[in-house]
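Dear colleague,

I am handing over the structure we spoke about, and below it you will find what was found in it. Please read the notes alongside the model itself.

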Amino acid sequence: MRYAAITGCGMAVPDRVLTNAELEKMVDTNDEWIVSRTGIRERRVAGPADSTTSLSVKAARAALAHAGLTPDDIQLIVVATCTPDQFIVSEACLVQAELGGSAAAFDVGAACSGFVYALTVGSMFVQQGLYDRVLVIGADTLTRFIDYTDRSTCILFGDGAGAMVIEASDQPRGLLSTVMGADGGGNKHLYAPGWGAIVPESAELFPEIRPYMQMNGQEVFRFAVRVMGDAAAEAVQKAGLSFDDIDMLIPHQANSRIIDAAARRLALPREKVLVNLDRYGNTSAASVPIALAEASGQGKLNEGDNLVLVAFGAGLAWAAGVVRWGVAGVPRPELAARRGAGVLAAISDGD
Ligand code: ACO
């Protein structure tokens, strides 16, 4: 049996920090409201020199360094994003152009659930034996599509990228189970209009249309609380595990109240739940891989740990998976030997 172990991870965020105090000067909001309703204290916002590609490439280089590989070793690049730098070509091809190498490359679009979808796709290529080494990236620059006069959305989002290298293993490592779902009818609750091939009502309006994020927050909240818990629980069951076997929940970082509800559903104590949204806000497809990369860099993950990844977002879509952490069974003994040493430097690309 072939598995798809995660052998390297990396992350990148823009340097620019946008605090709640700064938002107080931009819209009618306050730090107390934002922290108590969302858990977010600050977020990173792309500057003029940042792009979905530049952040993806930084995260990918860090993940490759962590895995001890070069771009030439990678056979497939899958990028999950809803904010590619351009429509034609794919974000994955833009990343490959910067990284080098000749990997096949394509994008997966499932908004904030995108990384778990992409990890599922990339893992299947490895498990089926089509490829041995795949790079999976979750990256978004959603702040480019946020109306900074709309207090109901502008407080929530940040930018970033996270990347994972996955490699063939003969031991049960990597994605052990996955659950994906979508309710397309709910697309009206979370979307950015006017950014696509649809012809607008008035062609003259086209250049002025800004595709700002539109959101029915309460509807999305209710949906998220329901699917996060249910999908995570189903993924655990599909992996043949019980909640007691779970070492860490790594949820999409949208709102601490949604995360708390998912943790309660799995009966997990707070210390087993990874939360970093206070520093990054909701980074869409990047949030799960950034959290995973941080946890790895901080030495919180051990060989054989069972992790639950779970995400929800525009679509409305959701996805959850159980990942067994570690590199056992990957035919590169040097990997296991150097695991843990100098990892933080590799994953946190702050240049
Ligand atoms: N500051 C101060 N007050 C605010 C703010 C703000 N930033 N935003 C809204 N309010 C006000 C509202 O106007 C309302 O006032 P009113 O009672 O006088 O009418 C009051 O606060 C309560 O508003 P609610 O919308 O009921 O607040 P809620 O507790 O639902 O929190 C929130 C809003 C944080 C948006 C929440 O609904 C949420 O997190 N929803 C999920 C959103 C989400 O995760 N979206 C991303 C999905 S991922 C993707 O694919 C992009």
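**The ligand and its surroundings**

The ligand sits in the largest pocket (on a 1 Å grid over the protein atoms alone, a pocket is an open set of points where a 1.4 Å probe fits, with protein on both sides within 12 Å along at least five of seven lines; a molecule sits in it if more than half of its atoms lie within 2 Å of its grid points). This is a predicted model, in which local features need pLDDT of at least 70 and side-chain atom pairs count only at pLDDT 80 or more, while totals for chains, interfaces and linings use all residues. Residues are numbered from 1 along each chain as its sequence is written, and side-chain values use heavy atoms, with hydrogens and water left out.

Around the ligand there are 27 residues, of which Thr29, Arg37, Cys112, Gln218 and Ala314 come nearest (a residue counts if one of its heavy atoms lies within 4 Å). By class, this shell has 14 nonpolar, nine polar and four charged residues.

Oxygen atoms of the ligand make polar contacts (N or O pairs within 3.5 Å) with side chains, at 2.5 Å for Gln218, at 2.8 Å for Asn255 and at 3.4 Å for Trp33.

**A salt bridge elsewhere**

The structure holds ten salt bridges (a side-chain nitrogen of Lys or Arg within 4 Å of a carboxyl oxygen of Asp or Glu), and one of them joins Asp132 and Arg2 at 3.0 Å, N to O. Asp132 lies in a loop and Arg2 in the segment before strand E1, so the pair ties together parts that are 130 residues apart in sequence (strands are DSSP runs of E, at least two residues, numbered from the N terminus).

With best regards

How values were computed: Polar contact = N/O pair within 3.5 Å; in protein donor to acceptor, adjacent residues only side chain to side chain. 1 Å grid on protein atoms, 1.4 Å probe; cavity = no way out; pocket = protein on both sides within 12 Å on 5 of 7 lines; lining within 4 Å. Nonpolar A, V, L, I, M, F, W, Y, C, P; charged D, E, K, R; others polar. Helix = DSSP H or I, 4+ residues; strand = E, 2+ residues; numbered from the N terminus.
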